[in-house]
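Reader: Could you walk me through this one? I am new to it and would like to begin with the loops.

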Amino acid sequence: FNGEFYYGELESRKTNMTLKILSREDYEQVSATFKERSFMQSVEMADLLEKRGFDITFLGLEADGAIQVAGVLYSMLMTGGLHMEINSGPASTDTAYLAEFYRELQAYAKENGALELIVKPYDTYQTFDSHGEPNDDEKSELITCLTELGYHFDGLQTGYPGGEPDWHYVKDLTGLTPETLRKSFSKKGRPLANKTNSFGIKVRRLERDELHIFKEITASTSERREYVDKPLDYYEAFYDSFGDKCEFMIATINFQDYLKNLQSSHETIASELAVLNQRIADGVNSAKVNKQKAQLDKQIATFDVRIKEAKELIEKHGSEDVVLAGSLFIYTPQEAVYLFSGSYTEFNKFYAPVALQEHVMTESLNRGIHFYTFLGIQGIFDGSDGVLRFKQNFNGYIVRKMGTFRYYPRPILHKVIAIIKKVLRR
């Protein structure tokens, strides 16, 4: 394959529909108008993929005088031809136009030397509440649309097939403000956010020359959780491509400030306890008063322990701000996205990821973005998914995507190459 793409119009079987190659500028303009679109289908992601060695094509299906479906197709040379893929797309004004787009995409792939074409649609197959109970019926017609055209379906799956989950945890921010956001969290999430806020944790955006800090966090986390981390140059390329549409955020704490906060709170509670003890000494004794005293005694004991721990942390880490956790967030017109993160287990008791999550939702509201996706969960609701348990604190809901579809323009060649590879691996 000589790497040249067919840059003409692919005339549809329906004469009023045409698959077109779009310029970057035209694609950016039209894609911003779609109600639902993944960051994976943004021009910024296309720029990043191009830097990582992929060839990029912006495709659009024109119908009724406008582009009704659009997607970023990326390609890379493989044995026997090209690997072509649309990940988390395409976006559409109406699902009624999708079948024609997928049909013409097959023709495009075949004419341009693809050995395999992968499509991972972003359309929602079904929605669930925060605990995994269905909110609506399955949209099986979305799968049928592709399989009837000859795409092979990997099936509905749980977990992280190919490293990419089909189940996403999301939150609708419509009607919320930065002031009312925390009230929208779950019964467990609200006190957790209040507690985290009391520690004096600060969050800030990293500059490009500080991305090594983020890399150190994710490297530590990947080693602990046994997954492959991205290299530093990937994060740098990501920063360059997305600009102010992304934030590499870190949460930090100064343990001297933390100690001062603890001591101040300890003094306040001690004063309240002294007043209560005086009331008891004066003969005011009731079940309510005894309960209040027990609560204050418990709080004093807790603060005594935390003050001791704070002093030990100061001895170990000094007076500098200490990094607790980090997250990469993305902002598009359609959604904000929680992409990568990491934390240091030594500081788990400070719940720094909660502060980072509250930041991204607040920033989303300030930017006029009203949909936030925490991305992947396993889709298993037996209590074993710790990632889901964390995300449930923010009181969202769950969407299930359709999964992966494969088309082989030259199926015999694909099978022959697969057999040869299997033999060589023996």
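Author: This is a predicted model. A place to begin is D64, which sits in the loop between β3 (55–63) and β4 (66–78).

Reader: Is D64 buried or exposed?

Author: D64 counts as exposed, because its relative accessibility is 57% and the exposed class covers values over 50%.

Reader: And what is the phi of D64?

Author: Phi of D64 is near 55°, which is a positive value in a residue other than glycine. For context, most residues other than glycine have a negative phi.

Reader: Where does L375 sit, which I gather has a positive phi too?

Author: L375 belongs to strand β15 (residues 371–377), and its phi is near 60°, again positive in a residue that is not glycine. L375 is buried, since its relative accessible area is 16% and buried means under 20%.

Reader: Which peptide bond is cis?

Author: The bond from G89 to P90 is cis, with omega near 5°, and P90 is placed in the loop between β5 (81–87) and β6 (91–92).

Reader: Going back to β15, what is the order of the strands in its sheet?

Author: The sheet is open and made of eight strands, in the order β8-β16-β10-β15-β14-β13-β12-β11, with mixed pairing. From one strand to the next, the twist averages 30°.

Reader: Which strands stand at the edges?

Author: Those are β8 (124–128) and β11 (202–205), and each has a single partner strand, so one side of each is left without a neighbour in the sheet. For β8, four bridges join it to strand β16 (residues 397–401), and the two run antiparallel; T124 stands opposite K401 in β16.

Reader: What about S343, where is that?

Author: S343 lies in strand β14 (residues 336–343), and it is buried, with a relative accessible area of 12%. Setting aside residues up to four places away in sequence, S343 touches I217, T221, R224, L324, A325 and N348. The C-alpha atoms of S343 and A251 are separated by 9.3 Å, although these residues are 92 apart along the chain.

Reader: Changing topic, which residues touch the most other members of the largest nonpolar core?

Author: That core has 52 residues, and I201, F255, F350, M361 and Y372 are the ones that touch the most other members. Helix α9 (residues 287–317) gives the most to this core, with eight residues. Leaving aside neighbours within four places in sequence, M361 is in contact with K171, L173, L181, F185, Y372, F374 and F394. Another core lies apart from the largest one and has 38 residues, among them L48, Y235, A237 and L328.

Reader: Now the helices: at what angle do α5 and α10 pack?

Author: Helix α5 (residues 189–198) and helix α10 (residues 352–366) pack at about 105°, with their axes 9 Å apart, which means that α5 is roughly perpendicular to α10. L192, A193 and T196 of α5 make the contact with V354, A355 and E358 of α10, and these residues divide into four nonpolar, one polar and one charged.

Reader: And how do α1 and α2 pack?

Author: Helix α1 (residues 24–31) and helix α2 (residues 43–51) pack at an angle of about 140°, with axes 10 Å apart, which makes α1 oblique to α2. Here R24, Y27 and E28 in α1 meet V43, E44 and D47 in α2, and the residues of this contact divide into two nonpolar, no polar and four charged.

Terms used:
Residues numbered from 1 in each chain as written. Predicted model: local features only at pLDDT ≥ 70, side-chain atom pairs only at ≥ 80, totals over all residues. Heavy atoms only, no water. Axes fitted to C-alpha atoms, helices over the stretch in contact; angles between N-to-C directions. Parallel < 35°, antiparallel > 145°, perpendicular 65-115°, else oblique. Contact = heavy atoms within 4.5 Å. Nonpolar A, V, L, I, M, F, W, Y, C, P; charged D, E, K, R; others polar. Core = buried A, V, L, I, M, F, W, Y, C linked by side-chain atoms within 4.5 Å. Buried < 20%, exposed > 50% of the residue type's maximum accessible area, 1.4 Å probe, protein only. Pairing = 2+ DSSP bridges.
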